[in-house]
Amino acid sequence: MAMNSRVQVPAAAKRGEAIEIRIAIQHPMETGFRYDAVGHSIPKNVINELVCRYNGQEVFRAEMGSGISANPYLSFFVVAQASGEFDFRWVDDQGNRGEAQAAIRVSG
Amino acid sequence: MSRCARAVCVGALVASLGASAQERPIPPAQLQSGAAFAGAQVRALQGDDFANPGMLWVDRGERLWREPAGAAGRSCASCHQDARATMKGAATRYPLFDAKAGRLLNLEGRISQCRTERQEAPPLQYESDELLALTAYVAHQSYGMPMAVSIDGPARQHFEAGRVFYTTRHGQMNLTCAHCHEANWGRKLAAETISQGHGNPYPAYRLEWQTLGSLHRRLRACLSGIRAEMLPYGAPEYLDLELYLAWRAAGLAIETPGVRR
């Protein structure tokens, strides 16, 4: 199953306007410091990289470690330039990949 | 009429009014959601529809609602159409006594029943991500609506059993639920403020769990805290207690998915 995520991008914006982009991903962000009920170490598994591209150009990159909470929520600002698409890609330590897209209409 | 006979009359009248007119342990004017004790940051997180991590499960529940499952090839939506209309207010009435099944059902139990009997699909495990997602999605349709369970008819005995569980001492600490949640709500237990113990935010995202969890998971955590035996998820005792808690919280708005520490 694809990783469960939510993305929030304003549907419309004016050119040159700073817009807030938000993303939340359902992920346990296993720290590697925990043990299961029978004492075996649970291997670290966190989303180690998340990249956001705006019409193909990288505008945001996060490199995350075991200090980030489960179900990470990130928010950042981007200057609206042209109508198009925000494309999010991420990968965890086990190699599971996730992606999400959101469209924006820019006027002016 | 003699004074004695009048007293009998009054007694009979009080008995006939039953529990619906009974004194709530916490008067309606003093009812407070656990959010009131959770701190401003937690309240802000709960109040932000995007940042609230529980909404990840609500979103997933919405997709599951439309996804066909089981031998019948039906989805929840095949029978119940748009949950935003058909499930509005449903969660306020749970747990309820299902006369046909002859047992008390909470929202999780109703969804499981639909799944096995109508969709003819394998049951979802209690506390599985899927069941939590569907429960949260259905309960979220009643967001802001007051809890209003019925304790009349056959539900009555479950209500009474729930009240007995609530007021019975449990575990090595020899505490009843009321010791914390009635006698001492609003006071401190180490760094935490003791809440009134309402189920209105559930399934809720607890920061301690780092995930969404059911009311039964919270009840297990309470019992573990007082060093009592934790009952399995969906245990009849928890269902009875859930009914008692819902009656006790009557009028309080549903907050699913709530956020708690």
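1. Helices (H or I, at least four residues) and strands (E, at least two) are taken as DSSP runs and numbered from the N terminus. With these elements, B:A190 is placed in the loop between β3 (188-189) and β4 of chain B.

2. The model is predicted: local features need pLDDT of at least 70, side-chain atom pairs count only at pLDDT 80 or more, and totals for chains, interfaces and linings use all residues. Residues are numbered from 1 along each chain as its sequence is written, while chains are lettered from A and ligands numbered from 1 in the order in which they are written.

3. For B:A190, phi is near 55°, a positive value in a residue other than glycine. B:A190 is exposed, as 4 other C-beta atoms lie within 10 Å.

4. B:N174 is exposed, with 11 other C-beta atoms within 10 Å.

5. One joins B:Y202 and B:P203, with omega about -10°. Here B:P203 sits in the loop between β4 (192-193) and β5 (204-206) of chain B.

6. Another cis peptide bond runs from B:T256 to B:P257, where omega is near -5°. B:P257 occupies the loop between α11 (236-248) and β7 (258-260) of chain B.

Definitions and conventions
Buried ≥ 20, exposed ≤ 12 C-beta atoms within 10 Å, placed from the backbone.
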